[in-house]
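Hi there,

Here is the structure I promised to pass on to you. Have a look at it first, and then read my notes below.

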Amino acid sequence: MESDENTEVAQDASVHANNAPPEPAADEGVSTDEGAPQMPPIDVYGLLKTTVSLLSNGAWAWMGLTPSPFTGEMDRDLDQAKVAIDSVTYLVAQIESHLDDESRREMQNVVSMLRVNYVQQLSNR
């Protein structure tokens, strides 16, 4: 009986000696729940599109036109709105050549609408 216990302890020690999780086999991939949607791999352009969306939402809020996504309050800070709009404009310029026509038009429309509303808010100061 004692030798069986020693064998189990030795096996456990060898399994836990390397604290890293076991590597999946090359053809195994990452397992997911059956039926669960899988997220497509994100590239830098998708990440930048998401960033544009976050910044534009912030810009609307900082112009005082929508509740803040961060606080839920109606806040107005045109200096922050300008930085957000300038950032959106720059990011859209960086990614537009990698977008399809529809997405490109949508992004350009976002920039235009933000700029027009910013100018209107400046005149309402």
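**What I found**

The side chains of Arg125 and Asp79 come together in a salt bridge, with 4.0 Å from N to O. Asp79 belongs to helix H3 (residues 78-95) while Arg125 sits in the segment after H4, so this pair ties together parts that are 46 residues apart in sequence. Both Arg125 and Asp79 are exposed. Please keep in mind as you read on that this is a predicted model.

**The overall picture**

How many helices and strands are there in the protein? There are four helices and zero strands, and along the sequence the pattern reads α-α-α-α. Of the 125 residues in the protein, 18% are buried. The accessible surface comes to about 9,600 Å², and carbon and sulfur atoms account for 53% of that. If you take the contacts with a separation of 6 or more, 55% of them are between residues 24 or more positions apart.

**The other salt bridges**

In general, side chains of opposite charge can pair when their charged atoms come close. Searching the whole structure turns up three salt bridges, and the pair of Arg125 and Asp79 is one of them.

Another joins Lys82 to Asp86, whose closest N and O atoms are 2.8 Å apart. These two residues are four apart in helix H3, which means that about one helical turn separates Lys82 and Asp86. How accessible are they? Lys82 has a relative accessibility of 39% and therefore counts as partly exposed. Asp86 is also partly exposed, with a relative accessible area of 40%.

Then there is the salt bridge between the side chains of Asp101 and Arg104, at 2.7 Å from N to O. Asp101 and Arg104 are three residues apart in helix H4, so they too are separated by about one helical turn. Arg104 is partly exposed, its relative accessible area being 23%.

**How H3 and H4 pack**

Two packed helices are described by the angle between their axes and the distance between the axes. For H3 and H4, the axes come within 10 Å and cross at roughly 160 degrees. H3 and H4 are therefore roughly antiparallel to each other, and their crossing is left-handed. On the H3 side the contact is made by Leu78, Ala81, Lys82, Ile85, Val88, Thr89, Val92 and Ile95. H4 contributes Met107, Val110, Val111, Leu114, Arg115, Tyr118, Gln121 and Leu122.

**Two residues to look at**

Glu96 is found in the loop between H3 and H4. It is partly exposed, with a relative accessible area of 26%. Leaving out residues up to four places away in sequence, Glu96 touches Arg104 and Gln108; Arg104 is the residue that forms a salt bridge with Asp101. The C-alpha atoms of Glu96 and Met107 are separated by 7.8 Å, and the two residues are 11 apart along the chain.

Definitions and conventions
Residues are numbered from 1 along each chain as its sequence is written. This is a predicted model: local features need pLDDT of at least 70, side-chain atom pairs count only at pLDDT 80 or more; totals for chains, interfaces and linings use all residues. Side-chain values use heavy atoms; hydrogens and water are left out. Buried means under 20% relative accessible area, exposed over 50%, partly exposed in between (1.4 Å probe, protein chains only). Contact means heavy atoms within 4.5 Å. Accessible areas come from the Shrake-Rupley method with a 1.4 Å probe; for residues, only the protein chains shown count as cover. Axes are lines fitted to C-alpha atoms, for helices over the stretch in contact, and angles run from 0 to 180 degrees between N-to-C directions. Angles under 35 degrees count as roughly parallel, over 145 as roughly antiparallel, 65 to 115 as roughly perpendicular and the rest as oblique. A crossing is left-handed if the near helix is turned anticlockwise from the far one by less than a right angle, and right-handed if clockwise.
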